[in-house]
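Subject: Structure for your files, with notes

Dear colleague,

Here is the structure I said I would pass on. Please look it over alongside the notes below it.

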Amino acid sequence: MQHLQRQCGLLLHPTSLPSNLGIGSLGDEAMAFIDLLKQAKVTLWQILPLGPTGYGDSPYAARSTFAGNELLIDLKTLAYEGFLEIGDVLVHPSFPRNRIDYSMVRSFKEPLLKKASDAFLALADSKHKEAYASFCKENAWWLDDYALYQVLCSEYNDSRWNSMWPKDLTLRKPAALKKATDTHKMEIERVKVQQYFFFTQYKAVKDYANANGVSIIGDIPIFVAPDSVDAWTNTRLLKMDKDGMQTASSGVPPDAFSSDGQLWGNPVYNWKEHEKENFAWWIKRIEQTLKLCDIIRIDHFRGFAAYWEVPQGETTAVKGTWVPAPGEKLMAALKQALGDQIPLIAEDLGVITEDVEQLRDSNNLPGMKILQFAFNLENGKLDTTNAYLPHNCQYNSVIYTGTHDNNTTQGWYNELDGVTKDKVRRYLEAPDDQVLWQMIRVLMMSASQYAILPMQDLLGLGSEGRMNVPSTCGQNNWSWQLHSLDIDMWRIDRLRGLIEIYGRIGA
């Protein structure tokens, strides 16, 4: 009988790694976290998108789909390499504990990244300079535009390229682009150096993870941000007019949770243009992401079958319509370019119809099961056929206690009504103080190929550990930070025990 390999993972974005410099980074703490995973026999590390964030600091609204977030660059590594003084790292503000203050982090970190970039350009040895020149050449297809875009965002103190920049730059007139590039050569070079720092450090982290039996699950938002270099340089691939203004926006329709739906504001794709180019931009996007991770979760996968399109000017998502998307053609093009076995996970939550299931299943992609969604009662009764209940999960799926968009499991349970709590306790055969760990146990028992829990659930945190509340712009969103990797050993031992007894030890 064939043995189906099953694995366990932890969800923790690198920004949430502990650090006395205000934000997690790609340095010693990342390596120490991998050591922790290995100790617990966890073989998957799931992260969120790695792009540079803008207003709101959401990794799902990055300024570039190809660039890395400069705030993740480890300053200590730059000091070890001689591009900063040790004092630059040792003397720092007293940052908040457990939450990231992005404004404070930027005020501290960005001047030091500038200093390190200048030092690199002036002092780097021939080996570093050769590696840097090779990096710039290999990545010029996205790096040149990104570097200019970042400089122009600073120049005009606004990332809204289609409304706040001079018209010639908005429309990417060659003469205007050349003038801006010539005027800002040094600033552009600094951006490129910082991207070199990011990708060099990230490669070291990924290599260390893979060498220790840990695979990284990355993440791709299906849409790009309106104030991004992706939108600025690819207006033909998006539903935008000749002035670079959106003619439609993305969102989701009204449902039981929101009578107005959700108006995301992202530009939607002009799929006819993508088809003309045989989906070249998407092929590059997947190919580049696979250099950073071993498996890719595609956020809002249902948008490849059909997406909710809202006319520009609407203030809610109510008047949107479902618009078909060429998901099958896209998947065929990806397979032709990158091979049949592309390691993808389909985020198939929300309004899922037969066409979405067909697209997912015909391409043999695992979908997602959220244990917190398994206990929605109907007339006080538990629906035992609920697809998210562990006993109903099939192998080709990824089961979570919750995701970055959910409350922590302990916080979720604390806020349930009494009737639902009773059903949860009965299903798990557990008293209140054991519900969390029994949730983790049945997660591990399930047939799902991957079982993943947020780091907050391993720590037993309540709502204070929540990462994000969808459709809000609260200052606590995306800011949760782990205080220390000095975790109670019993938690590691208990998790490892569950991994071992339920056979989630990888290959």
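The model is predicted, so local features are given only at pLDDT of at least 70 and side-chain atom pairs only at pLDDT 80 or more, while totals for chains, interfaces and linings use all residues. Residues are numbered from 1 along each chain as its sequence is written, and side-chain values use heavy atoms, without hydrogens or water.

Overall fold

The chain comes to 20 helices and 12 strands; these are DSSP runs numbered from the N terminus, with helices being H or I of at least four residues and strands E of at least two. The C-alpha trace spans about 70 × 55 × 45 Å along its principal axes. A compact globule of 507 residues would have a radius of gyration near 23 Å, and the chain agrees, with 23 Å. That radius is taken over C-alpha atoms, and the globule rule is 2.2 Å times the number of residues to the power 0.38.

Of the 507 residues, 55% count as buried. Buried means under 20% relative accessible area, exposed means over 50%, and partly exposed lies in between (1.4 Å probe, protein chains only). Among contacts between residues at least 6 apart in sequence, 73% join residues at least 24 apart; a contact is heavy atoms within 4.5 Å.

Cavities and a pocket

Both were found on a 1 Å grid over the protein atoms alone: a cavity is a set of points where a 1.4 Å probe fits but cannot get out, a pocket is an open set with protein on both sides within 12 Å along at least five of seven lines, and lining residues have an atom within 4 Å of a point. Grid points are joined across faces, edges and corners, and a volume is the space filled by probe spheres set on the points. For the lining classes, Ala, Val, Leu, Ile, Met, Phe, Trp, Tyr, Cys and Pro count as nonpolar, Asp, Glu, Lys and Arg as charged, and the others, Gly among them, as polar.

The structure holds 5 cavities of 30 Å³ or more. The largest cavity has about 290 Å³ of space. Its lining has 29 residues, with Pro-49, Leu-50, Gly-51, Thr-65 and Asp-219 nearest the centre. By class these are 19 nonpolar, 7 polar and 3 charged. Helix 10, strand 3 (215–221) and helix 13 (280–289) each supply at least two lining residues, and strand 3 gives the most, with 4.

The second largest cavity has a volume of about 160 Å³ and a lining of 20 residues, of which Leu-11, His-404, Pro-454, Gln-456 and Met-467 lie nearest its centre. This lining has 6 nonpolar, 12 polar and 2 charged residues.

The second largest pocket has a volume of about 880 Å³. Arg-63, Arg-106, Glu-110, Gln-150 and Ser-154 lie nearest its centre, out of 26 lining residues. The classes there are 8 nonpolar, 8 polar and 10 charged. Helix 4 (102–123), helix 6 (140–155) and helix 10 (185–211) each supply at least two of the lining residues; helix 4 gives the most, with 5.

Single residues

Asn-69 is in the loop between strand 2 (44–46) and helix 2 (75–80) and is buried, at 6% relative accessible area. Its side chain reaches the backbone nitrogen of Leu-71 at 3.0 Å, where a polar contact is a pair of N or O atoms within 3.5 Å, one able to donate a hydrogen and the other to accept it within protein, and residues adjacent in sequence count only if both atoms are side-chain atoms. Leaving aside neighbours within four places in sequence, Asn-69 is in contact with Leu-50, Gly-51, Pro-52, Thr-53 and Phe-198. Leu-50 and Gly-51 are also among the residues nearest the centre of the largest cavity.

Asp-57 is in the loop between strand 2 and helix 2. Its phi is near 60°, a positive value in a residue other than glycine, and at 12% relative accessibility Asp-57 counts as buried.

Asn-406 lies in the loop between strand 11 (397–400) and helix 16 (409–414) and is buried at 11% relative accessibility. A polar atom of its side chain lies 2.7 Å from the backbone nitrogen of Thr-403.

Regards
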